Amino acid sequence: GTASISFGIKGDSLVESDRFFIQQQIKAYIVGTLYLPVNQGGEGILDFTFQEISHVNKSHQVTCSIDLRSHDKSLTLSFLGTLTRTLNKISKGYNVQTTRSVEQQLDPYQLRDTGQVLQLERSFGGSHNPNETQLTQDVLRGLILQFAVTYDFLSLKSSQSINLFDFVYTRIPNTWKEKLPRFISGALHDTCNISRKIRTVQSEVENEVNEPF
């Protein structure tokens, strides 16, 4: 229910009037925007305190984590190259040591290739906080679609395997498809990669079963 945000400005050339102006701008943004109710574009903040501090992190370190997801591997490599050059400039310009490491690197796949379906609704009021809300009409549409797809699936007479993505996609109204393109998942919770691995193993097992003795 609470959050703390630190805003730092590096350098000794900031005069008192400039510092005061920046503080007032931040306060005005909190009161004029974040205080507004969620349905009016704000975050519904109830109260805040503003305190000026003048110390740096005790370990003199800054850690930045970037969650990068792209369907184009060359774009990912290009971004990492730009990031490396930027870090090198920071190291030389500010005489600091920088390091970069890739914690996890997974190739994204089209949802269709994994047979997965992800239902997403629009949300307002900020992600992962108590004020987050969704439009009832979005949730209702999603539920109706789920019921329709489930009914059609249970009504199938054949035991033939199907691709769930294709099965659902053919039942989505065209007006929805025009507004929302197909999704590409950058290993959302690794589900795409798990699903893809399962399909690969199943295919290998089927091939072994079908091979003559």
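Is Arg141 buried, partly exposed or exposed, and what is its relative accessible area? I looked this up in the predicted model and found Arg141 partly exposed, with a relative accessible area of 40%.

**Entry: Arg141 and Asp138.** I next examined the side-chain contact of Arg141. Its side chain meets that of Asp138 in a salt bridge, at 3.8 Å from N to O. I placed both residues in helix H4, which spans residues 136-154. They are three residues apart there, about one turn of the helix. I then checked the accessibility of Asp138. Asp138 counts as buried because its relative accessibility is 12%, and buried means under 20%.

**Entry: Asp152 and Arg171.** How many salt bridges does the count come to? I recorded two. Besides the pair above, I noted a salt bridge between the side chains of Asp152 and Arg171, at 2.9 Å from N to O. This pair links distant parts of the chain, 19 residues apart. Asp152 belongs to helix H4, whereas Arg171 sits in the loop between helix H5 (164-169) and helix H6 (174-179). I list Asp152 as partly exposed, at 29% relative accessibility. Arg171 is also listed as partly exposed, at 32%.

**Entry: Thr49.** Where does Thr49 lie? I located Thr49 in the loop between helix H1 (16-34) and helix H2 (73-94). Thr49 and Ser4 are 45 residues apart in sequence, and their C-alpha atoms are 9.6 Å apart in space.

Notes
Residues are numbered from 1 along each chain as its sequence is written. This is a predicted model: local features need pLDDT of at least 70, side-chain atom pairs count only at pLDDT 80 or more; totals for chains, interfaces and linings use all residues. Side-chain values use heavy atoms; hydrogens and water are left out. Helices (H or I, at least four residues) and strands (E, at least two) are DSSP runs, numbered from the N terminus. A salt bridge is a side-chain nitrogen of Lys or Arg within 4 Å of a carboxyl oxygen of Asp or Glu. Buried means under 20% relative accessible area, exposed over 50%, partly exposed in between (1.4 Å probe, protein chains only).
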